[in-house]
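Please report on the fold shown below.

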Amino acid sequence: ISAWLTKHKFSHRPLGYDYRGVEILQVKLDEWLSIVVALYAYGFNYLRLQCDYDAAPGGSLISVYHLTQMRDQPDQPEEICAKVFVSRTNPQIPSVYWVWKSADFQERESYDMLGITYWGHPYLRRILMPEVGLVGLSVKTMWYLISMNYKMP
């Protein structure tokens, strides 16, 4: 996939392969939407998983997308993993909801847990945590409090 993206002049960085042989790509934030459309046109018609994680204290937040080609041979689908690194101070990524509807719940969960805002998502609001009474963001706040040896009242 990386060779195909390079051939068509899509900027990305190959990060190797996971333990199952799935190629992992790093995509720049400003290239994300054009690469999403290209991957969909290439045949990646199923967003299997979208998740996010905190790379390191004070570091980037990373939104991860596992895409699959669902074709006539469902027992051997082609897969790819794309990672988008975003700033902790202003974590915003264009939503892929309009390409893969399965991003709905998953992007909302990422917003709820780490505070990444997905531009263009039609229903972006908390899905697991309460809207009121929560100071900060649940996962980042929790780890901050643990690192400061904060004792819960």
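This is a predicted model: local features need pLDDT of at least 70, side-chain atom pairs count only at pLDDT 80 or more; totals for chains, interfaces and linings use all residues.

## Ala 38 and the basis of the model

At 7% relative accessibility, Ala 38 counts as buried, because buried means under 20% relative accessible area, with exposed over 50% and partly exposed in between (1.4 Å probe, protein chains only). Ala 38 sits in helix H2. Helices (H or I, at least four residues) and strands (E, at least two) are DSSP runs, numbered from the N terminus. Leaving aside neighbours within four places in sequence, Ala 38 is in contact with Trp 4 and Phe 10; contact means heavy atoms within 4.5 Å.

Residues are numbered from 1 along each chain as its sequence is written, and side-chain values use heavy atoms, with hydrogens and water left out.

## Overall composition

The chain has 4 helices and 7 strands. Along the sequence they follow the pattern α-β-β-α-β-β-β-β-α-β-α. Of the 153 residues, 38% are buried.

The accessible surface comes to about 9,000 Å², by the Shrake-Rupley method with a 1.4 Å probe; for residues, only the protein chains shown count as cover. Carbon and sulfur atoms hold 58% of that surface. Among contacts between residues at least 6 apart in sequence, 51% join residues at least 24 apart.

## The sheet

Five strands form an open sheet, in the order E1-E2-E5-E4-E3, with mixed pairing. Two strands pair if DSSP finds at least two bridges between them. Strand E1 (13–17) and strand E3 (46–54) are the edges, each pairing on one side only. From one strand to the next, the twist averages 20 degrees. Axes here are lines fitted to C-alpha atoms, for helices over the stretch in contact, and angles run from 0 to 180 degrees between N-to-C directions.

Strand E5 (residues 79–86) pairs with strand E2 (residues 23–27) in the parallel sense, over 5 bridges. Leu 25 stands opposite Ala 82 of E5, and Glu 23 has Ile 80 of E5 as its bridge partner. E4 and E5 run antiparallel, joined by 8 bridges. There, Ile 62 stands opposite Phe 85 of E5. E5 is mostly covered, with 7 of its 8 residues buried.

## Helix H3

H3 lies across E3 and E4 and runs at about 5 degrees to E3.

The buried residues of H3 are Ala 103, Gln 106, Glu 107, Arg 108, Ser 110, Asp 112, Met 113 and Leu 114. In general, an α-helix has 3.6 residues a turn, so residues three or four places apart point the same way. Just after H3, Gly 115 takes a positive phi of about 80 degrees.

Gln 50 lies in strand E3. Is Gln 50 buried or exposed? Gln 50 is buried, with a relative accessible area of 2%. The side chain of Gln 50 makes polar contacts with the side chains of Ser 110, at 3.0 Å, and Tyr 118, at 3.1 Å. A polar contact is a pair of N or O atoms within 3.5 Å; within protein, one must be able to donate a hydrogen and the other to accept it, and residues adjacent in sequence count only if both atoms are side-chain atoms.

Beyond four places in sequence, the contacts of Gln 50 include Ser 63, Val 64, Tyr 65, Gln 106 and Glu 107.

## Trp 119

Trp 119 belongs to strand E7 (residues 117–119). Its relative accessible area is 40%, so Trp 119 is partly exposed. Not counting residues up to four places away in sequence, Trp 119 touches Gln 92, Ile 93, Pro 94 and Ser 95. Side chain to side chain, Trp 119 and Gln 92 make a polar contact of 2.4 Å. Trp 119 and Ile 93 are 26 residues apart in sequence, yet 6.1 Å apart in space, C-alpha to C-alpha.
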